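Dear colleague,

Please find below the structure that I am handing over to you. My notes on it follow directly after.

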Amino acid sequence: MKIAVVGTGYVGLVTGTCFAETGNRVTCVDIDVNKIEKLKSGVITIYEPGLDVLFDRNIKEGRLLFTTNLAEGIKDAEVIFLALPTPPGEDGSADLKYILKVADDLGPLLADYAVIVDKSTVPVGTAEKVHARIAKNAKVEFDVVSNPEFLREGVAVEDFMKPDRVVIGTNSEKARKVMNKLYAPLVRQGNPVIFMDERSAEMTKYAANAFLATKITFMNEIANLCEKVGANVDDIRRGIGTDSRIGKRFLFAGIGYGGSCFPKDVQALHKTSEEYAYDFKILEAVMGVNENQKTKLLPKIKQYFNHDLSGKTIAVWGLAFKPYTDDIREAPALENIKELVAAGANVRAYDPEAMENVKRILGDQIVYTNSPYDALEGADALFIVTEWPEFRSPEFERISSLLKNKVIFDGRNVFELDQMRELGYTYYSIGRDVVA
């Protein structure tokens with residue numbers, strides 16, 4: 001099939017590359033000239049494990065193309081995906097200006113029937129708005145479909161190629177046949193393609209992310225209570241995670257969630273509930289708890305240093321909001337670093353992928369190092385913010401020799417308490433005893 005993907009951000013590039021991998025001819029469109037030139041020359045513009053192999057192969061095979069020209073990109077396309085940003089506005093609602101602008105532009109360009117697919121996460125009713133904007137200038141038949149993505153950064157290629165389920169919102173039988181044909185190679189093992197109306201599909205994405213964010217936040221609340229009553233949140237996680245009604249995923253306590261999806265989507269769903277005069281109390285609690293959780297370890301760091309961080313050097317391991325990505329949107333590391341710097345501390349940071357992105361925001365306010373051990377040079381304490389695998393089995397003797405104080409503040413519960421006791425560290429984590 002001939003496919004167009006408008007937008008070459010995280011979702012758009014993964015979508016375009018993976019559909020090319022199943023034999024389709026895909027043209028990706030973006031207004032960012034520099035980005036398109038890089039992609040044309042074979043330079044991938046996001047970090048996502050495994051994507052580079054598919055990207056290189058499909059460019060070589062001529063199935064993956066890039067352009068800044070919308071008319072050129074959608075020419076003869078049977079399916080046109082809109083994978084455009086929907087950033088939160090000042091009031092928390094999703095900003096649809098990019099999607100609606102492209103919808104305006106698409107109308108006069110359509111020459112034959114096409115299925116226009118909202119791939120972005122959008123509020124309920126967006127498909128109707130997109131249809132209305134295209135229809136103003138369209139001279140041919142078309143359908144607008146909602147097809148939310150459920151990609152996890154770090155395993156997005158696997159999620160796309162082997163989806164748990166595919167959700168498609170449409171009342172058009174013609175569009176349904178086109179989308180069934182498109183996704184057939186990806187669901188050969190029997191994973192369901194779930195059809196529903198457009199509004200239900202739009203709500204499904206928000207409901208899924210809000211539920212997962214709530215699950216994380218609930219465990220963080222349990223962790224906070226564990227610290228007060230003397231319980232161990234890791235044991236509780238194992239105890240409830242084996243209950244099939246609950247499941248073991250998204251039960252790890254830590255310093256809050258971040259990224260491009262959960263914060264934005266929870267805010268947007270909360271805003272939608274306000275617009276329909278519904279008081280969604282759980283979402284209000286989720287947002288409030290998560291905001292406080294991000295900096296939960298800062299009071300403990302300050303207390304350890306007698307509330308004087310002036311001139312202290314804190315080594316920070318991890319800047320991305322989660323491992324296997326360079327995404328720093330809503331990353332807890334940013335808020336913690338800003339507060340440490342404001343308190344007079346020096347920060348030496350290391351992350352395998354996200355340092356360049358942080359440098360664009362924080363500039364030279366902190367020191368960026370070439371390895372986790374370089375970050376420890378002259379540091380008074382280690383603060384673990386992101387649970388990259390390479391942090392799980394470090395050379396503890398080397399850490400001890402580099403740190404001025406054998407103290408670790410662990411926001412992701414990377415190490416075991418018994419291990420820290422044996423090694424003689426002072427160790428603060430989330431929802432567990434302090435090792436003194």
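Between which strand and which helix is the loop that holds arginine 329? Arginine 329 is found in the loop between strand S9 (313-317) and helix H14 (332-342); helices (H or I, at least four residues) and strands (E, at least two) are DSSP runs, numbered from the N terminus.

Two remarks on provenance come before the rest. This is a predicted model, in which local features need pLDDT of at least 70 and side-chain atom pairs count only at pLDDT 80 or more, while totals for chains, interfaces and linings use all residues. Residues are numbered from 1 along each chain as its sequence is written, and side-chain values use heavy atoms, with hydrogens and water left out.

Annotated positions

For "binding site", an unreviewed UniProt entry lists Asp30, Lys35, Thr86, Thr121, Glu153, Lys264 and Arg329. These positions are spread over 300 residues of sequence and also in space, with up to 24.3 Å between C-alpha atoms. UniProt positions are given in the numbering used here, feature names are shortened, and annotations may be inferred rather than shown by experiment.

Arginine 329 is partly exposed, with a relative accessible area of 44%; buried means under 20% relative accessible area, exposed over 50%, and partly exposed in between (1.4 Å probe, protein chains only). Not counting residues up to four places away in sequence, arginine 329 touches Glu153, Gly258, Gly259, Ser260 and Phe321, where contact means heavy atoms within 4.5 Å. The side chains of arginine 329 and serine 260 are joined by a polar contact of 3.5 Å. A polar contact is a pair of N or O atoms within 3.5 Å; within protein, one must be able to donate a hydrogen and the other to accept it, and residues adjacent in sequence count only if both atoms are side-chain atoms.

Lysine 35, in helix H2 (residues 33-40), is also partly exposed, at 22% relative accessible area. With residues up to four places away in sequence not counted, lysine 35 touches Thr8, Gly9, Asp30 and Thr45.

Nonpolar cores

A nonpolar core is a set of buried Ala, Val, Leu, Ile, Met, Phe, Trp, Tyr and Cys residues joined through side-chain atoms within 4.5 Å. The largest has 62 residues, of which Ile301, Ile314, Val316, Leu319, Leu340, Leu376 and Phe383 touch the most other members. Apart from it lies another core, of 40 residues, including Cys18, Val26, Val178 and Phe195.

Helix H1 (residues 10-21) is mostly covered, with 11 of its 12 residues buried. Glycine 23, which follows H1, has a positive phi, near 100°.

In helix H10 (residues 233-241), the buried residues are Val233, Asp234, Arg237 and Gly241. They lie on the same side of H10 because they cover an arc of only 105° around the axis, the arc being that of the directions from the helix axis to the C-beta atoms. The buried residues of H10 pack against helix H9 (198-229). At the start of H10, a side-chain oxygen of asparagine 232 comes to within 2.8 Å of the backbone nitrogen of aspartate 234.

Backbone angles in two loops

Alanine 277 is not a glycine, yet has a positive phi of about 55°. This alanine 277 is in the loop between helix H11 (262-275) and helix H12 (281-293) and is exposed, at 72% relative accessibility. Histidine 307, likewise not a glycine, has a positive phi of about 60°; histidine 307 is exposed, with a relative accessible area of 63%.

Yours sincerely
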